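Colleague: I am new to this structure. Please take a close look at its nonpolar cores and at the salt bridges.

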Amino acid sequence: MTKSKARKVQSRFIVLSTCLLSILGTNRLSAQPNRILDAVEVSRRTVLTGSVHPSAKLENDQGPVDSSTVLPYITLTFAKSEQQQTDLDQLLRDQLDSTSPMFHRWLTPEQYADKFGASQEDIDKVKAWLESAGLKTVKVARGRDFLVTSGGVQEVGSALRTRIHYFAVGSKRHFANVTEPSMPEALAPLIGSIQGLNDFGFRRGRPIKIEEKDQRQSKSLAPKFFSSPLGMNILAPDDLATIYNVKPLYQQGIDGSGQSLVVIGRVRVDMTDIQLFRSAFNLPPNDPEQILVPGASEPTFDEVNLMEADLDLEWAGAIALKVAIKYVFAPGLFEAVQYSVDNVIAPVITFSFGLCELPKYAESVQELRQMAQRANAQGITWIASSGDSGAAGCEKHDGSSLWAKTGLAVSLPASIPEVTAIGGTRFAEGNGDYWRSTPNENGGTANGYIPETSWNDSGINGSTGGGGSILFLKPAWQSGLGVPFNGRRNVPDVSLTASWSHQPYALVTGGQYLSNGGTSASAPSFAAMIVLLNQYLVRNAALSQPGLGNINPSLYYLSQTVPSAFHDITTGNNRVLCLSDSPDCVNLYFGFSAGPGYDQVTGLGSVDAYKLVKSWTSRLPLLAVTELTSNTTIQPGAQIALSVTIANQGDADTGAFKVGLFLLNSAVTDPSPLFIGGCDYQVLSSGATNRCAGSLPLPTNTPAGRYFLLARADDFNQVTQLDRAKNIRVSDSGVVTVSACSYNLTGPTSAFPAGGGTGSITISTQTGCSWNAASDSSWVTLTSSRSGSGTGSIGFSVGGNTGSSRTGGITVGGLRFVIAQSTLPAVVLQFTNKLIYAAIIKVNGALVGTANASGVSSFSVPATSLEVSFEMIRPTFFGAPIGEPLVGYYNTIYNPVVTQNFNITNQIGSQSYFAPVISNNSNSSLLIGVNGGLSSENRCYCTVGPRTSNVSVGYYKLSAESNLRAYSDGSNYFGGYYYFQSFMPLVELQTGILRKTFTINP
């Protein structure tokens, strides 16, 4: 057992739970009970909040859709009951647990329906309501987890109590519901969400066109069509197979034969493009099968959607050469996914689109997670691109802006834990020689693996998506070096090359030879590698049929146990430019940097396909704390004797991990458990058990009370596991009682004179009781022994006191040792102000009062060393002081007596000051300027009214050239004026000040 300094683990919640029993004992599962229990009354409604798309804004509204327009594919998704969701979560763990009877026992759609779908009676009630409103049932899912209906806009609006309008967003027109839809209250327990009331959908990647060529060129010249005028290498399928080590699989006959793969799209493709691509690179003919979702309308042609589809289809088939590709398409991508999952079209789905996690509507999130979990339960692996907007997953990357405005975000469905998120890298050749100058017969020029960095060509307009989800918590399996301790699902999981401006992917679309990139290219390429993995495992009897479900746990485990199967990307970032006042923006950037192990830029890195396939395992460790005991009564600071037994109940060895030991105030949850120590393990073999025992001191200042002792295996999240419920155990010995310490403080003196001094305090307490000393007053300073254990002492000093008497203290063990200090005697300062203006008085830099004009003023201050000064209060004109500042300083008084006398006069050092006084006998106002033309001129900016006498205009420095101007125009300095020059001999000493009265006659 290792000793460690005390620490508190913040924001890491400990939840203790019991293990659920296996829910699936046979292939046939029991039917579900009815959940619609009340009569369906259309007048009693429940609103489906969060069902209005964020882009359906008033400023985009183009008016209502024609009432006869048909909405052909509206999906009502059925929500699971709480028990259904609990059972499904357990099933998904069991299907990936090689020690479970349900390991890799994937459900058929009908089995899924019987356990997790709606009852037939409930579905009939929903259908009856829809049909009574004039809607038609298109189909009911085989899994009984959704229903598709259709109807005219008028009937849909009436049934759901909403309105359908057109909206202009960018250059396109969309339709969407204006208000939240509602349904009969009786149906609320069953219907979770409604899709198909808008056509906004998912985003796709941005295509980059390099060079056009006529599609009728000869086959032998075809690879040259992709040559770039910029000198870039356009990636051929042979290049990717070389770089990521796929070719050894081909040599063993692992080429996708007998396998199938779903590519999701939303436009019909022209097979000529696929054929031209395969012909250009000597790939065997292999046309995808196009499947328009039954019941869905034919999608409108769109060039960018076509380009996306061609990219996915060409590169999925370029890596898995003979895979049967099922291209499932519909106007809505979710419709295509639903159909593919409901009918188990293929065991792998690739999806190259994204939906921002931040929109303020929940329907897509709920439905996508439900569909992903169902896919996994049926053995389907769902691959999705992580996005091309860097760490700003909610930004457009269409080139319209370089600046992010919406803050950190990731994309759906990539962020769903049951989906594998694929990010992007960029080749970093440096000075290395990685490309041949002449392509081989298949158009390939790569010599082997090429070093990679993170893909970030242009921030939100071209960089790998990644970050932490705001919707999904971190799965138990997401662990290992570099995985953030943020409690969130992090993306991506793995990455492949994705740059569209440096060695982009070849593409044929619309009969043109182009190039493209982005995670829309890396996702189908990696999906094809999973197809090859399925084929390999079936051939080697590791699987009875293709299908791996959620592959993420195995990916993270392999990264720890077979790191050579991954290329760790440690350089680059997915940072983006951002507006300075936008969320998360710091110094005009936000995002993440790559580093050793996992990172939120490239995930686990790129892959060596051959090593990944050959080393694949679905076996994982599972740590359990099987016993925890300790003594139950402890003195603070004493030793707690304990024993913890750890077992690896999985069927794979662990890597290094730690066991943490904590004291908790609550047996169930505690947001900040008190760490007391732990045990370190380098490995724990499958089936092995190990006991860690010893004694640990309680942390310093552990409060007295009742505690629960807790052990947590894999405290630093180092080991990939499917479930962490068994990682935690509360002591079998019961409550641990920590007794209280008692303290006594004594000292030789607690009273000090004004001059200060030093002292000491003796602390008496039991052996093992620790203490900390702290002063609660700035003038009491600890000089030694701020902390200790058992009996001890501390020294302190008391500073000088220049104010009134005071008390302070030193606190130890909850007790306060009081220190008193007396004050200094007082001294009187008396000021005789011989000037006609008041002066403010400062002592030792602090204001003490005002000396009245032409009078005597007194102040009482402590009898310490005195630095005395005064400053005349000058007259002001509209708030601005006039005349020269007049400040006087007196010599420091070190030993003041009872009374100190001071005079305030016109002489300050070697400088004299004079105070001009104006008597205006004229009939006009005068504007006064003093020392006009001199560097010391300080015009008073004041007027003296007609027939006004003895107006003082402030203090001014006196010199031989002192003068005064009295302007006859009282509003400016450009009229006539009276001028008095060199009047220094005329200045008279009057009551302690040099004065001169200037009389202005008409």
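Modeller: What follows goes through the cores and then the salt bridges. This is a predicted model, in which local features need pLDDT of at least 70 and side-chain atom pairs count only at pLDDT 80 or more, while totals for chains, interfaces and linings use all residues. Residues are numbered from 1 along each chain as its sequence is written, and side-chain values use heavy atoms, with hydrogens and water left out.

A nonpolar core here is a set of buried Ala, Val, Leu, Ile, Met, Phe, Trp, Tyr and Cys residues joined through side-chain atoms within 4.5 Å. Buried means under 20% relative accessible area, exposed means over 50%, and partly exposed lies in between (1.4 Å probe, protein chains only). In soluble globular proteins, nonpolar side chains tend to be buried together.

The largest nonpolar core has 80 residues, and those touching the most other members are Ile 383, Phe 526, Met 529, Leu 555, Phe 566, Leu 612 and Trp 616. Helix α11 (residues 519–539) supplies the largest share of this core, 12 residues. Helices (H or I, at least four residues) and strands (E, at least two) are DSSP runs, numbered from the N terminus. Leaving aside residues up to four places away in sequence, Met 529 touches Tyr 244, Val 246, Ile 319, Leu 496, Val 607 and Ala 609; contact means heavy atoms within 4.5 Å. A second, separate core has 39 residues, including Leu 333, Tyr 339, Phe 351 and Ala 372.

Now the charged pairs. The whole structure holds 21 salt bridges, each a side-chain nitrogen of Lys or Arg within 4 Å of a carboxyl oxygen of Asp or Glu. One of them joins Asp 302 and Lys 172, at 2.9 Å from N to O. These two come from distant parts of the chain, 130 residues apart: Asp 302 is in the loop between β12 (289–292) and α8 (303–319), and Lys 172 is in strand β8 (residues 172–177). Asp 302 counts as buried because its relative accessibility is 16%, whereas Lys 172, at 37%, counts as partly exposed.

Another salt bridge pairs Arg 374 with Asp 342 at 2.7 Å, N to O. Arg 374 belongs to helix α10 (residues 363–377) and Asp 342 to helix α9 (residues 333–342), so the bridge ties together parts 32 residues apart in sequence.
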